[in-house]
Amino acid sequence: MTSQTELDSAVREILAAARERSTDGRERVSVDARSLPDALARAEREGRVPIVAEVKPTSPTAEGTRADDPVELAEAMVAGGAAAISVLTEPDHFGGSPEALRRIRQAVDVPVLRKDFLLREAQLDAVEADLLLLIARFVDDLEKLVTAARERGFQPLVEVHDRDELEDALAAGAEIVGINNRDLARLEVDLGTFESVAPHVPDDVTVIAESGVSSPADVRRMRAAGADALLVGSAIMDHGEESDVTENVRRLTETTQ
Ligand SMILES: O=C(O)c1ccccc1NCC(=O)[C@H](O)[C@H](O)COP(=O)(O)O
């Protein structure tokens, strides 16, 4: 785990809030998950770039907040060809909620990823989702949380930012790895991160390029570097302009080589 003093102040606040959020009275969930690898394969067969489109009302680096109904946003993303949907459930810094994810998963038929800052087992039970994000940098016992996620039926997506974290993720049994181009210590984005870490991911592991993808040229770059899928939030949500989410997704899913 990274020392707290090395982290951007916004990330320190996010983690502090995650630690304090109550998990009282929760029952353990049991999920019948929709397969992400199957959804990615289907997009490939149908000639779409596999995009995991993110419902992210706001963020510490966003220029504003989108107040649209999250279900309408997710449906619009699927209409644009998204292979899966990622939903921020963090309430204080990203404007998300477990309830928004629950409604979205009911409304769409693609896999839904719960994107949050999960630090301990009881936090996994807030809502049913097909995939759960576990950030290697922030989790003390990654193998324990990967196992706990699988016991509930979730597909864990383990996020890494460098080779050491990738080794930790693989040692913990990760079968789906996200390489985050955003350095969560400084919040700077560099697509070169994916290019440097992805060659070390074994062929039988699904690898997703996360963050900083905003154009067809970025899509081509990440695909050339080996991305099985791309996770895109800001460029689709377009917080400043509030442009058409379906068109924003379609521009990426229809990217040709
Ligand atoms: O997006 C942020 O501002 C942010 C700030 C602090 C911690 C995490 C943050 N983002 C989490 C993500 O991983 C992204 O939402 C996701 O990968 C999509 O990235 P993007 O397409 O660049 O919005």
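Predicted model: local features only at pLDDT ≥ 70, side-chain atom pairs only at ≥ 80, totals over all residues.
**First stop: the ligand**

Begin by selecting the ligand together with the 20 residues around it; those that come nearest are Glu54, Lys56, Thr61, Ser211 and Ser234. By class, this shell consists of eight nonpolar, seven polar and five charged residues.

In the side chain of Glu54, an N or O atom is 2.5 Å from an oxygen atom of the ligand.

**Second stop: the largest pocket**

Now hide the ligand and look at the space it takes, which is the largest pocket. The volume of this pocket is about 540 Å³. Its lining has 34 residues, and Lys56, Ser59, Thr61, Arg182 and Ser234 lie nearest the centre. To see which elements give two or more residues to this lining, colour helix H1 (9-20), strand S4 (131-135), strand S10 (229-232) and helix H10 (234-237). Colouring the lining by class shows 15 nonpolar, ten polar and nine charged residues.

Move on to the second largest pocket, with a volume of about 190 Å³. It is lined by 13 residues, and the closest to its centre are Ala39, Arg42, Arg48, Ala83 and Val110. Which helix gives the most to this lining? Select residues 36-45: this is helix H2, which contributes three residues. The lining as a whole divides into seven nonpolar, one polar and five charged residues.

Rolling a probe the size of a water molecule over the atoms shows where empty space is left. In the whole structure, a search finds two cavities of 30 Å³ or more.

The largest cavity has a volume of about 40 Å³. To locate it, select Ile135, Arg137, Glu159, Val160, His161, Glu165, Asn180, Arg182 and Leu184, which line it. Three of these residues are nonpolar, two are polar and four are charged.

For the second largest cavity, which holds about 30 Å³ of space, select Leu36, Val52, Ala84, Leu113, Leu131, Leu157 and Ile208. How does this lining divide by class? It has seven nonpolar residues, no polar ones and no charged ones.

Most residues other than glycine have a negative phi, and most peptide bonds are trans. Two residues with a positive phi close the tour.

Select Leu187 in the loop between strand S7 (182-183) and strand S8 (188-189); the phi of Leu187 is near 65°. Then select Ser211, in the loop between strand S9 (206-210) and helix H9 (216-224), where phi is near 75°.

Terms used. Residues numbered from 1 in each chain as written. Heavy atoms only, no water. Near = heavy atom within 4 Å. Polar contact = N/O pair within 3.5 Å; in protein donor to acceptor, adjacent residues only side chain to side chain. 1 Å grid on protein atoms, 1.4 Å probe; cavity = no way out; pocket = protein on both sides within 12 Å on 5 of 7 lines; lining within 4 Å. Sits in = over half its atoms within 2 Å of the grid points. Nonpolar A, V, L, I, M, F, W, Y, C, P; charged D, E, K, R; others polar. Points joined across faces, edges and corners; volume = space filled by probe spheres on them. Helix = DSSP H or I, 4+ residues; strand = E, 2+ residues; numbered from the N terminus.
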